[in-house]
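Please read these notes with the model open beside you. They cover charged side chains, one surface patch and the domain layout.

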Amino acid sequence: MSKIMEWIDARLPVTELIKSQATEYPTPKNLNYWWNFGSLALMVLIIMIATGLFLAMHYKPDALLAFNSVEHIMRDVNYGWLLRYMHANGATFFFVAVYIHILRGMYYGSYRAPREILWWIGIVIFFMLMGTAFMGYVLPWGQMSYWGAAVITNLMSAIPVVGEDLVVWIWGGFAVADPTLNRFFVLHFLLPLLVVGVVVVHLWALHAVHSNNPVGIDLHEGKDTLPFHPYFTIKDLYGMGVFLIVYCYFVFFAPNAFIEADNYIPADPMQTPAHIVPEWYFLPFYAILRAIDFLGAYSKLAGVVAMVLSIAILFILPFLDRSPVRSFRYRPLSKQLFWIFVVNAFVLGWVGYNPPDASLFHGAVPLILIGRVSTAIYFSYFVLLWLITALDIEKPRPVPKSL
Amino acid sequence: MAIEAEENRRDFLILATSAFGVAGVAAAAWPFIRSWSPSADVLAQATTEVDISTVQEGQMITVPWQGKPVFILHRTAEMIASAQKGDKETLPDPAQDADRVKKPEYLVLLAVCTHLGCVPQPVGTGNYGGFLCPCHGSHYDTSGRIRQGPAPKNLEVPHYEFKDATNLVIGKAMA
Amino acid sequence: MRLIKTFLAACFAVTMVPMALHAASGAPQPPAQNWPHQGLFGTFDKASAKRGAQVAVEICMGCHSIGLVKFDQLRKLGFSEAEVKSLAEVQGRTKIDRMNGAMDATAAKDAFGIVPPDLSLITKARKGYEDYTYAILNGYLTDAETALVQKVMADKNISEQEALELQSALLINTDNKEHLKDKLERLTGGASYNKYFPGNFSAMPQPLSNGQINYADGTENSLKQLSHDVVTFLAWAAEPTMEERKSCLAKIFAGVRGGSSPPAEVWRQQPTKVFLLTLILV
């Protein structure tokens, strides 16, 4: 056995790579469970690619056949229902993992120097995931698939001058139709493979600068770190077990909890559903999109810009945060802002879920108003974080010199 | 002297090669990008040409356009008068009849109810002499404006042109 | 542990808490019924589903299709081959055909103005699910309610008292008398009023009524029973693999433990214990 490994290592240093980058990779000894979600996201990515690959062997990307081919998978293909429900709920759990992963980075200052590029690559992955999820949701070709695709692609028409032509180009026709479905299927297949490539770069960037930690200080290798194996392999495995239990609960016992009833009606270009909602993971952004309705003819464009900015603003987060301390654990004001941001994200999601003309307390508080306030709070997080750190308003508590 | 000239020459060659390369890649990408634009068979459905000479006063026809039904109504004087009377009323979705037609005699409507996309019934149904959507009881008037019921908006008027006195083209022709 | 608790709490919150605000014009919430096939380990009531198949074939399929199911697949509910054959013959089909009705789409469109929706996925495709389909079947006016409407419409004038009565009988949530009157006019004009259909007027006349067909097994053939049975059947038609799905984890678990005990029983009786054991296994 060792002879064989020696032979291989002389030509391709596998053992050395595994040792330095995996088993003996120095990992901060104080990582808490919030650090599990990176590996969890990777696990879900693998589940999604595996199930997706096999679903693609039974699925037909044709406007006339797509809906029934999904039902064929559900009814006739052996364990087809399992593949499909794992894939559909996998999207939900992917975003659960990714959102927690991002929020963890925001709370512990993982975007701060020297990890800016690592953070940026993460945001690129997030954008790619959103595109992949959106196009994947179109494939079952139900009413929500169809009208969700129509609403979202129509957003592009808000772009001045070229917008209208751009939408027709994306559709390959005058409405969402067969050509749209066909190209979305190909892109939905292709993008995850590109995501794998970018994830490799993400890990490369991580291993170049090493993990941040809850205290947010630079660590002394050896004194403050532990080898990845077995300490963190076991911790990651434990996290995966817990995560999988929850995932399995939904796959086996509540697989339609996140699927809109309307998506079990075949797509009908002649009939619009009463209330079009995107998947839950897009709801906060959908609320931001709809919040801007007071600019007349520019509302649509402004809404789209606000929606894109709400994620793109994460790119400049490393430069907005000027605090001398990374971790919010020692930053009382930032910590409060952060939790307001998190709660507000849920409020935005709830606003996005409900019809735009709904209201609370018998019309006293229109939902659109809550949406506008929440959107303002969302963006003010970034402004306020910059203000309190750039103007030294926040007085951080003392940070330990080492662990 | 000689070395300088050599360097200038090399700079130029690098520049020229790069420029040529970029242009080449752009040119090669064009067919791929264009392949996403509507194909010939799809383009053929962009417009629908209708002969309206056979539509008598008070009659309407339904023609398919881009897979959707379109009503073409040859309005009588009463219908026009009733539509113009509606201009003065308080409307859920205010619009002047004059802005909704090119010639007062012809009303062209996308026959998709703005409530839930059902197809309304032909002219003369509902409380305003126009179109009644059978699904949830939205009443449209003889200008296709919503007057009563759950629909939020007037029936959409598609883009159309009178090609000549008797021929109407619905939709915009795409290159 | 705190993390796990948060996680579980979040999951339950997502499934349990109704997030939706109902718009003022929204239809009333369908009353919840007891469906044995719901719940973590619920299985289909096969006898009920079999009776429901008879209702579906003899009545629903006069207009609707159940095209994602083939007649032959009804054998999974316990029908014999001969029974399947005779069911298929009701609609002039053979056992290898899909469960499409006798009426084609164009004829249906001429008769009703719209094509009746395919019922294969109906219990999954409407908010309210089984309860909604059941509510629709039971949402038509009773004789007493029809009499009330006729009484009110006789003098063309709705008194306050009558408005209140109508609101509770027809489940209309409006104080606007014009709105009420508009509905009553359409009602007396012959349109089919349904309490639970959004907008109240459905193109479908009351499909089921008391004693409409006779069950071979002698079960009571009331409207409630007929609709309960047909909804049970439609729930099966919407997801025939449901039982396989629900028992899958239990099978894995039984495999881990040696596979001797009846897994479904263990799960049903001691879910907490099973959950904790699985945690330990992990």
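1. B:Glu4 sits in helix H1 of chain B, which spans residues 2-34. Helices here are DSSP runs of H or I with at least four residues, strands are runs of E with at least two, and both are numbered from the N terminus. B:Glu4 is exposed, at 54% relative accessible area. The classes are: buried under 20%, exposed over 50%, partly exposed in between (1.4 Å probe, protein chains only).

2. The model is predicted: local features need pLDDT of at least 70, side-chain atom pairs count only at pLDDT 80 or more, and totals for chains, interfaces and linings use all residues. Residues are numbered from 1 along each chain as its sequence is written, chains are lettered from A and ligands numbered from 1 in the order written, and side-chain values use heavy atoms, with hydrogens and water left out.

3. B:Glu4 also belongs to a negative surface patch, together with B:Glu6, B:Glu7 and B:Asp11. Patch residues have over 30% relative accessible area and no salt bridge; like charges are joined within 9 Å. Asp and Glu count as negative. A charge is placed at CG of Asp or CD of Glu.

4. Chain B is divided into domain 1 (1-36) and domain 2 (48-170). The bounds come from an automatic or database domain assignment. The two domain centres, taken over C-alpha atoms, are 57 Å apart.

5. Side chains of opposite charge can pair when their charged atoms come close. A salt bridge here is a side-chain nitrogen of Lys or Arg within 4 Å of a carboxyl oxygen of Asp or Glu. The count over all chains is 22.

6. One salt bridge joins B:Glu49 and B:Lys163, at 3.1 Å from N to O. B:Glu49 is in strand S1 (residues 48-51) of chain B and B:Lys163 is in the loop between strands S8 (160-162) and S9 (167-170), so the pair ties together parts 114 residues apart in sequence. B:Glu49 is partly exposed at 45%. B:Lys163 is exposed at 52%.

7. What about B:Arg147 and B:Asp141: buried or exposed? Both are buried. They form a salt bridge, with the closest N and O atoms 2.8 Å apart.

8. In chain C, C:Lys95 pairs with C:Asp72 in a salt bridge, the closest N and O atoms being 3.9 Å apart. C:Asp72 is partly exposed, at 25% relative accessibility.

9. Back in chain B, salt bridges with shared partners join B:Asp87, B:Glu89, B:Asp141, B:Arg145 and B:Arg147 into one network.

Definitions and conventions:
Patches are made of residues with over 30% relative accessible area and no salt bridge: like charges are joined within 9 Å, nonpolar side chains (Val, Leu, Ile, Met, Phe, Trp, Tyr) within 5 Å. Accessible areas come from the Shrake-Rupley method with a 1.4 Å probe; for residues, only the protein chains shown count as cover.
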